[in-house]
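The exercises below are to be worked with the sequence and the 3D structure in view. Try each task before reading its solution.

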Amino acid sequence: MAAIRSFARSINKRGNATHFMSRTSTNTAGHRVGLIGLGNMGASMAMNLVNSATNPADVCVYDVMPGNMEKLVSIGATGCSNAGELASKCDIIITMVPATAHVTSLLKDADGIFANARKGSLIIDCSTIDPIASQNLAAEAISKELRMIDAPVSGGVTGAAAGTLTFMVGGSEDDVAHGTPTLDRMGAKIIHCGENGAGGVTKLCNNLSLAISMIGTCEAMSLGKRLGMDSNKLAEVMNTSTARCWSSDTYNPVPGVIENVPSSRDYEGGFGAALMEKDLSLAMNAATQVKARLPLGASAHQLYGLLCENDLGDKDFGVVYKYLMNSYKPKHQ
């Protein structure tokens, strides 16, 4: 409790976030970059690193599922057998994995990053994890003569593929500046939010709002559908009116309204409902620690938990629409 309150106070004292655009930051040309975690997001991020590299072999990749490395290795990336091997070869090490426990294991296991990274290497954790854990892991990295920043992302799988992600970064100014050119190869905007952990706080707040707005969009679209409204026409009106939001105009949850988003491919290949439930759990836990009230967040958390219980956790989080339309038979009535 005391640690989290101290953390919140430290962010407040720092004031407004600082914006870092990579082309004003230090050059990291010639550095070998590695990325661990080649899921829906990480694979596209790694692809952008390879495509922007002078020498594709200077991009190292690792995933617990070897098959996830095949496409990247086939275009020149260097595949590694474990996190430690990757860390030993790279100056900048990026992690993109589901949860706090996975990040902790990658860093602290005997064959992990801390035990094998070169002194002075920069670790960039793009996962969405507990901000206090980010602070503690960064402190341990410093004690081992390593650098570390947290840089969770916004933009979804479409942003990862297009290289237009927004990175919300926590860490020292020097470390953020050092990592920004690499982040720029995968995204369009890098925002320095404060010291270690501040990127995670920003991401949790962003995803709290995103979860609520997605549910609102799904409820409105499902109501319109049941009342006989054409979904494309309703979306057109919403997207030029006061209901407009990213969940509606860029990532609409109704199949067929927008091409090439998860809802138009049976909610496959997106940001999983289980991951959203995990992020909401982190937000709810943080809110408890600082005595913040999140009535809509609590309802969203409950709904995403229900999706997971009904075997929809692997589907994109816009599957709320499918759930509301009762287009499957739920296990739990």
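**Exercise 1.** Are α10 and α14 roughly parallel or roughly perpendicular to each other?

Solution. Start with the source of the coordinates. This is a predicted model, in which local features need pLDDT of at least 70 and side-chain atom pairs count only at pLDDT 80 or more, while totals for chains, interfaces and linings use all residues. Residues are numbered from 1 along each chain as its sequence is written, and side-chain values use heavy atoms, with hydrogens and water left out.

Step 1: locate the helices. Helix α10 covers residues 198-226 and helix α14 covers residues 295-309. Helices (H or I, at least four residues) and strands (E, at least two) are DSSP runs, numbered from the N terminus.

Step 2: take the angle. The two axes come within 10 Å and cross at roughly 70 degrees. Axes are lines fitted to C-alpha atoms, for helices over the stretch in contact, and angles run from 0 to 180 degrees between N-to-C directions.

Step 3: classify. Angles under 35 degrees count as roughly parallel, over 145 as roughly antiparallel, 65 to 115 as roughly perpendicular and the rest as oblique. α10 and α14 are therefore roughly perpendicular to each other.

**Exercise 2.** Which residues of α10 and α14 meet?

Solution. Step 1: list them. From α10 come Leu208, Ala211, Ile212, Met214 and Ile215; from α14 come Leu296, Gly297, Ala300, Leu303 and Tyr304. Contact means heavy atoms within 4.5 Å.

Step 1: sort them. The contact of α10 with α14 has 9 nonpolar residues, 1 polar and no charged. Here Ala, Val, Leu, Ile, Met, Phe, Trp, Tyr, Cys and Pro count as nonpolar, Asp, Glu, Lys and Arg as charged, and the others, Gly among them, as polar.

**Exercise 3.** Which residue forms a salt bridge with Lys108, and how far apart are the closest N and O atoms?

Solution. Side chains of opposite charge can pair when their charged atoms come close. A salt bridge is a side-chain nitrogen of Lys or Arg within 4 Å of a carboxyl oxygen of Asp or Glu.

Step 1: find the partner. Lys108 pairs with Glu140, and their closest N and O atoms are 3.3 Å apart. Glu140 lies in helix α7 (residues 131-143) and Lys108 in helix α5 (residues 100-108), so the pair ties together parts that are 32 residues apart in sequence.

Step 2: check exposure. Buried means under 20% relative accessible area, exposed over 50%, and partly exposed in between (1.4 Å probe, protein chains only). Glu140, at 24%, is partly exposed, and Lys108, at 45%, is also partly exposed.

**Exercise 4.** Where does Ser231 lie, and what does Ser231 touch?

Solution. Step 1: Ser231 belongs to helix α11 (residues 231-238) and, at 9% relative accessibility, counts as buried.

Step 1: leaving out residues up to four places away in sequence, Ser231 touches Met221, Lys225, Val254, Val257 and Tyr321.
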